[in-house]
Amino acid sequence: MKKETIDKLCCPFDKGDLNLTEITKDVDDNILEGFFVCSSCKRLYPIVKGIPIMSPDEFREFKLERPLIEKWHKHLKGQKFENFRLTEPEQIEN
C-alpha cells in the first residue's frame, strides 16, 4: 500500500479518520502489513500483503483475522479486539 493512498481512506462505517500502525514495509517504503484503527468507532482494519481489508462487519470473519491480531499483540498496546473493534484494557483493581 502506497503512502499516498492512506490520506484518501476513511472508515467505511462512519467516515472517521484512520490511524495507521505500520508493521512491515518493502524496500520502496510501501506498507505490506499493518492496520488502521478508526478514531471514532475504534474498528480495526488489517492491511495484508499491502491490501487494506475494509469490509463491513457482516462480511468479516473473526476466525480469519484472529491469527493476525495474535501476531500483532505487541502493537495493540494491551487493547483487546472484540467485534472488530479495539477496546481499552481492563483496569486491575487492588
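This is a predicted model: local features need pLDDT of at least 70, side-chain atom pairs count only at pLDDT 80 or more; totals for chains, interfaces and linings use all residues.
The mean pLDDT of the chain is 87, and 94% of its residues reach 70 or more. Among the elements of the chain, confidence is lowest in helix 1, with a mean of 82, and highest in strand 2, where the mean is 94. The C-alpha trace spans about 50 × 30 × 25 Å along its principal axes. The radius of gyration of the chain is 14 Å, which agrees with the value near 12 Å that a compact globule of 94 residues would have. Of the 94 residues, 32% count as buried, and the chain exposes about 6,600 Å², of which carbon and sulfur atoms supply 51%. Among contacts in the chain with a separation of 6 or more, 40% are accounted for by residues 24 or more positions apart.

Four strands form an open sheet in the order 1-2-3-4, and their pairing is antiparallel. Strand 1 and strand 4 (51–52) stand at the edges of this sheet, and because each has a single partner strand, one side of each is left without a neighbour in the sheet. Seven bridges pair strand 1 with strand 2 in the antiparallel sense, and within this pairing leucine 18 stands opposite cysteine 38 of strand 2. Strand 2 is in turn joined to strand 3 by five bridges, the two strands running antiparallel, and here valine 37 has leucine 44 of strand 3 as its bridge partner. These two strands form a hairpin with five residues between them, in whose turn lysine 42 has a positive phi of about 65 degrees. Strand 3 and strand 4, which also run antiparallel, are joined by two bridges, with isoleucine 51 in strand 4 as the bridge partner of valine 48. The hairpin of strand 3 and strand 4 has two residues between the strands, and lysine 49 takes a positive phi near 50 degrees in it. Strand 3 is itself mostly covered, since four of its five residues are buried.

In soluble globular proteins, nonpolar side chains tend to be buried together. In the present model, the largest nonpolar core has eleven residues, namely Met1, Ile6, Cys11, Leu18, Ile31, Phe36, Cys38, Cys41, Tyr45, Ile47 and Met54. The elements that give two or more residues to this core are strand 2 and strand 3 (44–48), and strand 2 gives the most, with three residues. Apart from this core lies another, of ten residues, among them Leu44, Ile69, Phe81 and Leu86. Leucine 18 and cysteine 38, which stand opposite each other in the pairing described above, both belong to the eleven-residue core. Cysteine 11, a further member of that core, is in contact with Gly16, Leu18, Cys38, Cys41 and Tyr45 when its neighbours within four places in sequence are left aside.

Two loop residues were examined individually. Proline 12 is found in the loop between helix 1 (3–6) and strand 1, and because its relative accessibility is 37%, proline 12 counts as partly exposed. Not counting residues up to four places away in sequence, proline 12 touches Tyr45 and Met54, both of which are listed in the eleven-residue core. Proline 12 also lies 7.9 Å from serine 55, C-alpha to C-alpha, although the two residues are 43 residues apart in sequence. Asparagine 30, by contrast, is located in the loop between strand 1 (18–25) and strand 2 (31–38), and its relative accessibility of 17% falls under the 20% limit, so asparagine 30 counts as buried. With residues up to four places away in sequence not counted, asparagine 30 touches Met1, Lys2, Thr24 and Lys25, and of these Met1 is listed in the eleven-residue core.

Terms used: Residues are numbered from 1 along each chain as its sequence is written. Side-chain values use heavy atoms; hydrogens and water are left out. Buried means under 20% relative accessible area, exposed over 50%, partly exposed in between (1.4 Å probe, protein chains only). Contact means heavy atoms within 4.5 Å. Two strands pair if DSSP finds at least two bridges between them. A nonpolar core is a set of buried Ala, Val, Leu, Ile, Met, Phe, Trp, Tyr and Cys residues joined through side-chain atoms within 4.5 Å. The radius of gyration is taken over C-alpha atoms; the globule rule is 2.2 Å times the number of residues to the power 0.38. Accessible areas come from the Shrake-Rupley method with a 1.4 Å probe; for residues, only the protein chains shown count as cover. pLDDT is the predictor's confidence in each residue, from 0 to 100.
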